Amino acid sequence: MNFAYKFFYHTIHLVFYAFFKKAFYTIAKEIPQDKPVLLACNHPNSFLDGCLFAAFQKQPIYFIARGDAMNTPRKKWLFRLFGAIPIFRLQEGIENLHLNKKTFEECETLLKKNAKIIIFSEGICIHEKRVRKLKKGTARLFFQIEENLDFSLDIQVIPVGFNYTYFQQPEAEVMINVGQPLDMSQYISQYKENKARAINTLTNDLENKLKEEVIVIDKKEDEPLAEQLLPMIRNEREEPALTWKIKEKERFIQEKQVCDMVNDLSENHKNDYISFKKKVNEYYETLNHYRLQDRAFSQTGHLGFGQWVLLFIGWPVFMIGFLLNVLPIWAGRKLARKVVTNSVFYTSVLVVSAYLSYLLIHIPILITIGLIFGIWVAIIALIMTPIAGYFALYYYRIWNKGKDRLRFLRARKKNPAVIGELNRHRNLI
């Protein structure tokens with residue numbers, strides 16, 4: 001891959017660390033290096049999905065992206081630089097469908113070299129916690145390439161689930177799950193007998209495997225209840241403060257179980273669902289009335305002695321980190337709000353534009369510092385600027401937690417009966 005690809009995916013972590021509070025990444029089985037791989041993914045957050053996955057990998061990752069996003073030579077050059085392969089859908093115009101022949105040929109060439117290619121099997125990007133009915137494109141791509149090469153390529157098809165706690169809010173968390181490769185021999189045998197049936201079977205089986213790696217809320221009307229319960233579960237977990245990338249699936253399993261419970265209540269126990277939803281709403285209405293946060297009622301809402309000390313003595317470093325890093329973030333937000341017309345692209349554009357703003361603002365400053373004060377001063381500034389920024393983020397989190405805790409303590413002193421009732425209510429939930 002080119003230098004720009006390597007530089008981008010090694011340095012984009014600077015923004016990922018700032019935008020995402022934590023990243024949970026699990027692999028059921030190591031992605032094989034010596035075989036071609038199709039990574040069949042859900043698609044909840046635009047091209048951010050592909051960027052996040054590629055940033056976690058040592059080997060280059062290609063991803064199939066909407067061709068209409070590359071509708072100018074400059075956009076096409078930029079997307080191609082970072083591993084994008086254009087695909088054209090009917091809704092973007094029938095006149096472009098013939099270009100997909102080149103896409104399939106390019107994928108075949110790459111897979112013959114044991115490339116890893118992401119394909120977003122839903123064929124659409126929507127901010128939602130569910131898996132949409134998969135399109136047949138993944139199965140068709142697999143069978144067409146294998147058939148062209150007399151089924152000798154041994155392409156691995158692996159489901160990958162992207163799960164975001166929130167789609168557009170800073171301080172969100174992401175859970176990426178890489179599932180087990182499917183046994184493709186059974187589908188190849190079926191394909192040789194009946195092509196249409198094999199494509200349908202593989203598509204359906206892949207959809208079911210993908211659902212195992214994705215947090216699913218079946219009905220849109222159940223989302224508010226699920227989104228009230230999920231923070232309560234998160235508030236019971238104490239995550240390591242200084243670890244950003246966490247290799248464990250327990251967090252995902254807990255959140256999936258909560259949403260499965262909501263799905264089951266909604267579908268099979270309507271009266272229980274209504275009663276439970278009422279209890280949860282009453283709990284949150286009382287919290288809002290007293291301007292309290294659920295976190296303050298959990299163990300993770302407590303601040304240790306060291307954190308209280310940090311709040312008092314760390315504010316000068318916080319201000320330094322804030323001032324050194326706020327301009328690129330502000331510029332990224334301003335650009336994203338200006339250019340984005342479809343909200344599903346907002347977070348992706350925000351992250352990339354903040355990243356580019358960071359480079360465009362800080363590289364000239366560092367060069368100037370190097371010319372005036374020497375290379376070692378510039379290197380120290382290069383290292384300390386992001387460190388001060390991450391400290392500012394950590395301080396801000398502690399500040400918010402401390403503010404919530406003080407408000408809780410004041411409420412407990414003034415209205416002990418209310419706090420006691422809220423605790424009882426929360427325990428029942």
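Visitor: Which residue is the bridge partner of Ala65 in S4?

Guide: The bridge partner of Ala65 in S4 is Pro86. This is a predicted model, in which local features need pLDDT of at least 70 and side-chain atom pairs count only at pLDDT 80 or more, while totals for chains, interfaces and linings use all residues. Residues are numbered from 1 along each chain as its sequence is written, and side-chain values use heavy atoms, with hydrogens and water left out.

Visitor: Why are S3 and S4 said to pair?

Guide: Strands (E, at least two residues) and helices (H or I, at least four) are DSSP runs numbered from the N terminus. Two strands pair if DSSP finds at least two bridges between them. S3 (residues 62-66) and S4 (residues 84-87) are joined by 4 bridges in the parallel sense, and therefore they pair. S3 also runs parallel to S5 (residues 116-120), with 2 bridges; there Phe63 stands opposite Ile118.

Visitor: What makes the unit of S3, helix H4 and S4 right-handed?

Guide: A crossover is right-handed if, with the strands pointing away from the viewer, the path from the first strand over the helix to the second runs clockwise. S3, H4 (residues 73-81) and S4 form a β-α-β unit of this right-handed kind.

Visitor: Why is Asn42 called buried?

Guide: Buried means under 20% relative accessible area (exposed is over 50%, partly exposed in between; 1.4 Å probe, protein chains only). Asn42 has 2%, and therefore it is buried. Asn42 lies in the loop between strand S2 (37-41) and helix H3 (48-55).

Visitor: What does the side chain of Asn42 reach?

Guide: It reaches the backbone nitrogen of Phe162 at 2.7 Å. A polar contact is a pair of N or O atoms within 3.5 Å; within protein, one must be able to donate a hydrogen and the other to accept it, and residues adjacent in sequence count only if both atoms are side-chain atoms.

Visitor: How do the length of H9 and the expected span compare?

Guide: The expected span is 1.5 Å times one less than the number of residues. H9 (residues 223-234) has 12 residues and reaches 16 Å from first C-alpha to last, close to the 16 Å expected. Of these 12 residues, 9 are buried, including Leu225 and Met232.

Visitor: Which residues have the most contacts inside the largest nonpolar core?

Guide: A nonpolar core is a set of buried Ala, Val, Leu, Ile, Met, Phe, Trp, Tyr and Cys residues joined through side-chain atoms within 4.5 Å. In the largest, of 50 residues, they are Tyr9, Phe16, Phe20, Leu39, Phe53 and Ile176.
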